[in-house]
Amino acid sequence: MKDQLEKIKEDALKQIEASDALEKLNEIRVAYLGKKGELTSVLKSMKDVPPEERPKVGQMVNDARAIIENRLEEAKASLAKKAREEQIRRETIDVTLPAKRNNVGHSHPNTIALEEVERIFVGMGYEVVEGPEVEYDLYNFEKLNIPKNHPARDEQDTFYINDNIVLRSQTSPVQVRTMEQGRLPIRMIAPGRVFRSDEVDATHSPSFHQIEGLVIDKNITFADLKGTLADFAKELFGPETKVKFRPHHFPFTEPSAEVDVTCFKCGGSGCRFCKGSGWIEILGCGMVHPNVLRMSGIDPDEYSGFAFGVGLERIALLKYEIDDMRLLYENDIRFLRQF
Ligand SMILES: [Zn+2]
């Protein structure tokens, strides 16, 4: 009996020694200490042991059990420690490896220019208003004092959805829609995409962007218009910038003017950029025509106002000295990365 116990104990310890996994240790526990395990079967054969020997044998079985259990626990702890060390070794981070490249995009030149213009006018108390790109002929032309057969329709030839609906050729219809709401005074800019049936070349595109501004209040004069646009030009192109107003004609304003700014490249002395003139044309403007006010339900004897329109692409091209408008639409990453 004693030899049998000794053998069981030694076998168990040997197997524990040779174990390299937790599952293996569990199997050993079951095989030796379990309900049907070898040590248990020794206890079951106690009935064959003479009664006076039983306490001694019982003690030996318990000792063997304690030793095996002890060794099992030690082996388990040692395996767990090894596994943890292995995990730590595997998860070591090599800080000398090159970092993963993070490809962050950035704003398109048009967007940068738009945000800049919006920042300037919002700073002067203007509201940014948007409107539909598909517009009624009524809002795009008629209510802007451009009746059917008006020659200005040729210059602004656009895409017709049907006789009454067009792709807007300017963002002015947004101004009409705002005036019609009748909440005065108005200080707004309307940025957005517009359409003309132009061929694509270095300075034209059938789809481009405008930012138009409108101010309506009592006692608004041409002096307000000049002061506002002079400030705008200084903010956009630098504090030394001067403005020049040249008389012009637009159907929706009277009087009307085109505005030039001193060339920000040469400061006005003349260079290749300004074609030697020292001036660069940037926008059109004027005092809102009484007919336009009247058609939107505003009394021109009580209220007056001014309006202006600037091409967003023109600002972007000037600001970044880009010489071909098509570059803005080609989405060539080599071009766009430069801004
Ligand atoms: Zn110049």
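Two strands pair if DSSP finds at least two bridges between them; strands (E, at least two residues) and helices (H or I, at least four) are DSSP runs, numbered from the N terminus. The model is predicted: local features need pLDDT of at least 70, side-chain atom pairs count only at pLDDT 80 or more, and totals for chains, interfaces and linings use all residues. Residues are numbered from 1 along each chain as its sequence is written.

Next, select strand 7 (residues 253-262) together with strand 8 (residues 279-288); the two run antiparallel and are joined by eight bridges. Within this pair, Val259 is opposite Leu283 of strand 8.

Remain on strand 7 and select Glu254. An unreviewed UniProt entry annotates Glu254 as "binding site"; such annotations may be inferred rather than shown by experiment. Glu254 counts as partly exposed because it has 15 C-beta neighbours inside 10 Å (buried means 20 or more, exposed 12 or fewer, and partly exposed in between, with C-beta atoms placed from the backbone). Beyond its neighbours within four places in sequence, Glu254 contacts Gly286, Met287 and His289, a contact being two such C-beta atoms within 7 Å.

Finally, select helix 8 (residues 172-180), where Ser172, Pro173, Val174, Gln175, Val176 and Met179 are buried. Their cover includes strand 4 (186-195), strand 5 (207-217) and strand 9 (304-311). Just after helix 8, Gly182 has a positive phi of about 75°.
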